Amino acid sequence: MTTPPEPEQFNLQFRSGARAAPPYAYKLDNRDANNLNNRSPGPNSVDLGRHHIIDLSSLKQAWDKLIEIEYNKQGSELKEELAKLCDAIGVNCDRYAGSGDGTPTPDSPGMPSNEVEALRDFVGNFRTAYEHDPSESLRPPGWDELIAAFSWIPGNILTGPLNAHRFDDPDKPKNTPRAKFEDYCGIVVGPDEYRRFSSAFDSMNRYRLNPKNPKFAAEGKAFLRAYTEIASGRDRAWPLKNSDWVKFSGGRCYGLEHPGVQPKGCDKPFTGQVANAGPGDRIEIGDSVLVLELWDDDEGSITLGASAENIRMGDFIDWVVDQWGAGSDIPQDLKNLVLEQITLEIYTSPGSVDYWRFTVATEIQAGGASAPILIRFDYGDNGTGSATFSLSAEVGFLAGNDDESPRFWFNGGITKTGNSWSLNASLESDTPISLFDLADSLGVPGADTLRDLLPSALRPELRSVSLLYGPDTGFVVGVRLETVSVTLASVPVSGPPPGSVWCVQVTLSVSAGLSTLPVVGKSVPPAGDLNVIGVRGVYASASLDGATLARMNQLVDRAGLTPFPALQMATHRRRQDAGLPSGGVLGMDYRTPGSSAGTLLLPLPATPPAGAPLPAEPAPTPAP
């Protein structure tokens, strides 16, 4: 029996800010400044460039993290997904033209045959023949060719005016969760492809910002599978069309067409005070040091970066307050979080100063769920001409039974509330979300009870949901639709035992009065008509006294949602307390002429009578 050879040791990471050259040799012709469809070699023409939809800096970081953490690990599922991506590049690389104008020609060839052969040899050896050693300087044969193709997969490239001629270039810093994503590429690629790129970028970004936490492994897999599809798809870059771009009237400056676009010049003066940084600079935070590396250089648009795991959250908050003067904006209770990884990225472009972003990866508790959260600390010029500070985050709640399941990701801003903080965020989904799945992801025990309790009319499918969360106050999620509003809230209680209590409310807007009823309606005088304006179903996991319900409704009111109703309940002290009983309540909202609105409430029995089945839902009406 032949013993397999020992893996050879090589360095398989980028670990350099230098970009690989595109693996297809063709020239981008200059275009007419007034019509980008027309080629023009004149002095007033516009130079073209190749723009990454999913930015190359983040792609390189994701590759390096995958190699560092997963490549030498036996049985790694993430390594196998990375190998499948390399397989797809190997199969398709000979047809990569890169050109937006057509397939390879003698004047515009694709990858040379010798480079295709070397790349495919590397891919064939990728799973077993190598061992990654970060101290090595040698690369295996075919590594350079694979990295060039990985960096310049044609389906991830759009052709457009060079960075210097763009007012919306993603390499120019901006305060958004997708700091370097080509946000407005939808007009070029179409809505379906935009959703694919957007989802792939989000998954990649989350993974690279906390790759050692198993809760982010599913994000890494989702990115690799999506990028494998992109690598197997288009064989050329997305083409340039004049109609996709808006020109600034004052010069050769362009941006992608999108709702609300405001053409402007490409050079903006800056008057703020943000220190410029460079490779090798040291950022001292507490007892730890971040050493800046050059992560990417795109025609002078620079990304510097560093990451660490051994920094205390308290030391980092103190650094931000001291260096950025943001003490009035920083909730001190953020110091209570346990930092898992911190990533610093500094963006700069010609004619501007640095824009700094720290991303802290940690976890929070909401209801009965533990959820990963990425908190962004941004400081720099956000297009206003002066330095500003902002604090934002995205948090992911598990939509299943294990870490391989997808997550509901909410994105929004963090505000200071006393010494504590709150996150006001939203979730946008292309596919419907069940209220019950959302409740289960938030750690709401007994979420299936709602499925049995609420009739089908009060079970909306959701696509846009808001979240208000505070570590001390609890959380509320909800949405207002045209005729239905949903509110799910949870607040902590001291016990005994300590824990939380939750309530859900679904309200259906209607409009019906007594005067509209057959037979009797004609005898109802207008002054005595009662107009039903809504029907609501409410469920409480436990009995809420007046004080607890008031705390919950204060949170609901801050979220701009419909407060929960109160019932007069007898307590052990034999007095009336306006709270909510445990279990279900049906309500009817009404209004009479000349009076304010009111609500009639009917508590439901905790369980159906013995032997009685739950009410059956009506059978669906057959299609005509």
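## Strand pairing

In this predicted model, G413 lies opposite N424 of strand 18. Strand 18 (residues 420-434) pairs with strand 17 in the antiparallel sense, and 7 bridges link the two. The hairpin that strands 17 and 18 form has 2 residues between the strands, and G418 adopts a positive phi near 70° there.

Strand 17 (residues 407-417) is also joined to strand 16 (residues 387-398), again through 7 bridges and with the two strands running antiparallel. Here G396 faces W409 of strand 17.

## Largest pocket

The largest pocket has a volume of about 1200 Å³. Its lining comprises 37 residues, of which S199, D202, R206, W409 and E428 are the closest to the centre. Two or more lining residues come from each of helix 6 (191-209), helix 7 (217-231), strand 17 and strand 18.

Strand 18 makes the greatest contribution to this lining, with 9 residues. By class, the lining contains 14 charged, 12 nonpolar and 11 polar residues.

## Helix 3 and helix 4

The axes of helix 3 (residues 113-125) and helix 4 (residues 143-151) come within 7 Å and cross at roughly 95°. Helix 3 is therefore roughly perpendicular to helix 4.

On the helix 3 side, the contact involves E115, A118, L119, F122 and V123, which meet W143, E145, L146 and A149 of helix 4. By class, this contact has 7 nonpolar and 2 charged residues, with no polar residues.

Technical notes. Residues are numbered from 1 along each chain as its sequence is written. This is a predicted model: local features need pLDDT of at least 70, side-chain atom pairs count only at pLDDT 80 or more; totals for chains, interfaces and linings use all residues. Side-chain values use heavy atoms; hydrogens and water are left out. Two strands pair if DSSP finds at least two bridges between them. Helices (H or I, at least four residues) and strands (E, at least two) are DSSP runs, numbered from the N terminus. Axes are lines fitted to C-alpha atoms, for helices over the stretch in contact, and angles run from 0 to 180 degrees between N-to-C directions. Angles under 35 degrees count as roughly parallel, over 145 as roughly antiparallel, 65 to 115 as roughly perpendicular and the rest as oblique. Contact means heavy atoms within 4.5 Å. Ala, Val, Leu, Ile, Met, Phe, Trp, Tyr, Cys and Pro count as nonpolar, Asp, Glu, Lys and Arg as charged, and the others, Gly among them, as polar. On a 1 Å grid over the protein atoms alone, a cavity is a set of points where a 1.4 Å probe fits but cannot get out, and a pocket is an open set with protein on both sides within 12 Å along at least five of seven lines; lining residues have an atom within 4 Å of a point. Grid points are joined across faces, edges and corners, and a volume is the space filled by probe spheres set on the points.
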